[in-house]
Amino acid sequence: MQYTLRPRHTRNTMGVAIVKLTAELSLYPLQDNYIGIIKDFIESARSSPDVTLITNAMSTQVCGEWDTVFDLVNTCLRRSHEQHGKQVLVCKLIPGELDIAR
C-alpha cells in the first residue's frame with residue numbers, strides 16, 4: 001500500500017500555519033490481560049473528535065494537528081497507566097498529514 005504525504009502546513013481562516021502530524025502507536029501492556037487494556041487505550045483515543053484514527057492488527061494510526069496528536073498521546077497514555085499500570089508505548093511520528101484513511 002502506498003501512502004501520500006500531504007504538505008506539512010495548512011492555514012486556518014486567519015492565515016496562521018497549522019502543522020499536521022501523523023503518528024503510529026503500538027501499546028504493549030506488561031500484564032496478562034493485555035487485550036482489554038489495548039482496547040481501552042484505543043477507545044480513549046477515539047474520543048478525540050479532532051483527529052483521524054485508524055486501527056489494524058499491528059497498530060493505531062492517528063493524524064491531526066501537531067498539538068492535538070501529542071495531547072491525545074499524553075492523555076491516553078497517562079489514563080491507561082493510571083488504570084492499568086506499567087506498559088510500553090511505541091510511537092512513530094511523521095511530520096505532515098499522511099493519508100491514513102484509505
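Student: At roughly what angle do the axes of helix α1 and helix α2 cross, and within what distance do they come?

Tutor: This is a predicted model, in which local features need pLDDT of at least 70 and side-chain atom pairs count only at pLDDT 80 or more, while totals for chains, interfaces and linings use all residues. Residues are numbered from 1 along each chain as its sequence is written, and side-chain values use heavy atoms, with hydrogens and water left out.

Two packed helices are described by the angle between their axes and the distance between the axes. Here the axes of helix α1 (residues 34–46) and helix α2 (residues 66–84) cross at roughly 145 degrees and come within 9 Å. Axes are lines fitted to C-alpha atoms, for helices over the stretch in contact, and the angles run from 0 to 180 degrees between N-to-C directions. Helices (H or I, at least four residues) and strands (E, at least two) are DSSP runs, numbered from the N terminus. The crossing of α1 and α2 is right-handed, a crossing being right-handed if the near helix is turned clockwise from the far one by less than a right angle, and left-handed if anticlockwise. From α1, the contact (heavy atoms within 4.5 Å) is made by I37, D40, F41, S44 and A45; from α2, L72, C76, L77, R79, S80 and H84 take part.

K92 forms a salt bridge with E24, with the closest N and O atoms 3.1 Å apart. Because K92 lies in strand β6 and E24 in strand β3 (residues 17–29), the pair ties together parts that are 68 residues apart in sequence. E24 is partly exposed, with a relative accessible area of 25%.

Strand β6 also contains I94, which is partly exposed at 35% relative accessibility. The C-alpha atoms of I94 and T22 are separated by 5.1 Å, although these residues are 72 residues apart along the chain.

Definitions and conventions
Buried means under 20% relative accessible area, exposed over 50%, partly exposed in between (1.4 Å probe, protein chains only). A salt bridge is a side-chain nitrogen of Lys or Arg within 4 Å of a carboxyl oxygen of Asp or Glu.
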